[in-house]
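Thanks for coming. I have a few minutes on the inside of one protein, and then on a single residue. The structure goes up first.

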Amino acid sequence: MEVSILFPLFFLFSLSLQRVISEFQSQSAAVKYAATLPPRGWNSYDSFCWIVSEEEFLKNAELVAHRLHSYGYEYVVVDYLWYRKHVPGAYVDSLGFDVIDEWGRLVPDPERWPSSEGGKGFAQVSKTVHAMGLKFGIHVMRGISTQAYNANTPILDITTGKAYEESGRQWYAKDIGIKERTCAWMRNGFMSVNTKLGAGRAFLRSLYQQYADWGVDFVKNDCVFGDDLDMDEITFVSEVLSKLNRPILYSLSPGTSVTPNMAKDVIGLVNMYRITGDDWDTWGDVSAHFDVARDFASADMIGAMGLNGKSWPDLDMLPLGWLTDPGSDRGPYRNCKLNLDEQRTQMTLWSMAKSPLMFGGDVRNLDDTTFSLITNPTLLEINSFSSNNKEFPYIIGTKCSHLRSSLSCQTNKYEDKEAPEDVVLSLSSCQDANSNGWSTKALDDLEQVCWKENSRRKNREPFCLYKGKPLVASDEEMTCREECEAKLHLRATKTREFCLGASSNQRLTSKEYKRGAFSPCRLEANQMWELNNNGTLKSSYSGLCASVYNVKANSVSGGIRSWIATGRRGEIYLAFFNLNPQKTVISTKIPHLAKSLPGRALHHASCTCNELWSGRNFGVIKDTLSIEVEPHGCALFTLNCK
């Protein structure tokens, strides 16, 4: 009798154990293969900036589930300042309007997110999103908020559920916040955390454990990359995420002035990383992506190994459809400013470069044209499953214009002609050989710090800044006196009014070159520099080193470009892009395809060819492929070659 009772119990226990093991294996597999394909979803920033409410967010999520999920759009992400009260006086860089808990952690503003009442955070929103079959994401800033620092809140130790203690005392926000390292473009908002301290690590651990408890699937971490690099925070957060009991994709944003050399240190720690400033609906922003997308593709960084899976260079969100304005406290109210050809160019480049596709328009006002564009099956196939994605330089462009009764045409190859140069200040790893070109230059009673001149224009004066010691006022903290003692202020002129910062004091768009950020001199890490004996000029803010390079003025305003990729069934995708303001005939020869796809026997091939946007069937092509492309427009060919 006892055996007959025990056997069913044992059988049920075995089934339960198998179910647990199966769920664990399934979860482990999900973690192991995170971001196998470029992530795809919707983000609230382009349509709501920072003021999105729970009702507005969930309605958009519902429509994503209904209309876009079947096309692979699975993440819905609340962008920044979800914890800020939407009241008079509150704006992007205001201070004192954030909602924090007793441990200094930001929690949703209950006026905008009523389900967060009673300490629930985003748990209910996440549950609702998951019930729709979607995944939930949030935007967070670097380190700790200035508001928590000023309140000097205690640090939570998640292992005990009590205040963090070490060395016989409790630790507080002012012990871990690095006030001199505030986010350069949101100085009143956030500052770095000292991850060398156990209390600093405990604070970050408590943040990300809370996000996991809320059911978050995606974290977009801002002001820690590009010019604002904080490798300590990225490294530790990645470690925390890798040990959580649920997979969370890790995204870095923004990425002003990012190069492959800078990104190589983070690609294994994250799943997405922005490689440009903010992309908005202007042609300048779109065209600025061509060079950086090319550089990351040629560096073989598309789909490299990342956190528990793969990582993807991110060209930023798609500001298409119904939008608001950057930095606005107004919801969506206007249409995208890009014309249809420009929108096709953006979507085609994003797909060919295998960038994550995060739609930013208000899904409640999703028009048929925008819907058809972001769900185009050819583009989505390329974005997910193509390989060998790279720029294709073997093209020729012919621009024609009518002059009275005659037609004038000009033919150019891909390479641009000589153009005026502009000096751009850049930051990169201090191990980069190109960063060791700084030296001092005596000038009367002052000294200058100058960069070696490597421009073709040898008659141009070298790029120099005035060197000076930071003047510490008597009431400054002793820590800053010690920190500032070995540092330099670099000034644009002999006066000490404006000093060079390592990061801009405002968010930059994709089209804005970084020329150094001069602002009133302050005692903060963003304006502190160290000139080393090896000729490097190191930033105290990010640990990166400065260099100067020359770019062609308006280098992305015109010209022609092309990208190539291989489909999973052997087809070849070839995109022509016309960056010129007039129609341009763009051509290539079929044998040239072999130069970018050396493994394919294409020297004597013939290809059947279809073009996506015109719907034109080119039939069989053996030699020259040519098409007239609209201003700022593109053509996308699918070729099947024998």
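This is a predicted model: local features need pLDDT of at least 70, side-chain atom pairs count only at pLDDT 80 or more; totals for chains, interfaces and linings use all residues.

A definition before any volumes: on a 1 Å grid over the protein atoms alone, a cavity is a set of points where a 1.4 Å probe fits but cannot get out. The volume is the space filled by probe spheres set on the points.

The protein has 642 residues, and 55% of them are buried. Its secondary structure consists of 16 helices and 38 strands. The accessible surface is about 27,500 Å², with carbon and sulfur atoms accounting for 51% of that. If we take contacts between residues at least 6 apart in sequence, 70% of them join residues at least 24 apart.

Now the cavities. How many of 30 Å³ or more are there? The count is 7.

The largest cavity has a volume of about 110 Å³. It is lined by 19 residues, and the closest to its centre are Leu-106, Met-141, Gly-143, Leu-207 and Tyr-211. By class, that lining holds 12 nonpolar, 4 polar and 3 charged residues.

Which element gives the most to the lining of the largest cavity? That is α7, with 5 residues. The helix α7 covers residues 198-214, and at least two lining residues each also come from β3, at 135-140, and β4, at 144-145.

Next, the second largest cavity, with about 80 Å³ of space. Three strands each supply at least two residues of its lining: β11 (218-222), β12 (249-253) and β13 (272-274). Among the lining residues are Phe-218, Lys-220, Ser-251, Ser-253, Met-272 and Arg-274. The list also includes Asn-43, Asp-314, Asp-316, Met-317 and Met-358. Divided by class, this lining comes to 4 nonpolar, 3 polar and 4 charged residues.

Pro-520 lies in strand β28, which runs over residues 517-520. Is Pro-520 buried, partly exposed or exposed? Its relative accessible area is 44%, so Pro-520 counts as partly exposed, because that class lies between the 20% and 50% cut-offs.

As for its surroundings, leaving out residues up to four places away in sequence, Pro-520 touches Glu-497, Phe-498 and Gln-527.

Methods: Residues are numbered from 1 along each chain as its sequence is written. Side-chain values use heavy atoms; hydrogens and water are left out. On a 1 Å grid over the protein atoms alone, a cavity is a set of points where a 1.4 Å probe fits but cannot get out, and a pocket is an open set with protein on both sides within 12 Å along at least five of seven lines; lining residues have an atom within 4 Å of a point. Helices (H or I, at least four residues) and strands (E, at least two) are DSSP runs, numbered from the N terminus. Ala, Val, Leu, Ile, Met, Phe, Trp, Tyr, Cys and Pro count as nonpolar, Asp, Glu, Lys and Arg as charged, and the others, Gly among them, as polar. Buried means under 20% relative accessible area, exposed over 50%, partly exposed in between (1.4 Å probe, protein chains only). Contact means heavy atoms within 4.5 Å. Accessible areas come from the Shrake-Rupley method with a 1.4 Å probe; for residues, only the protein chains shown count as cover.
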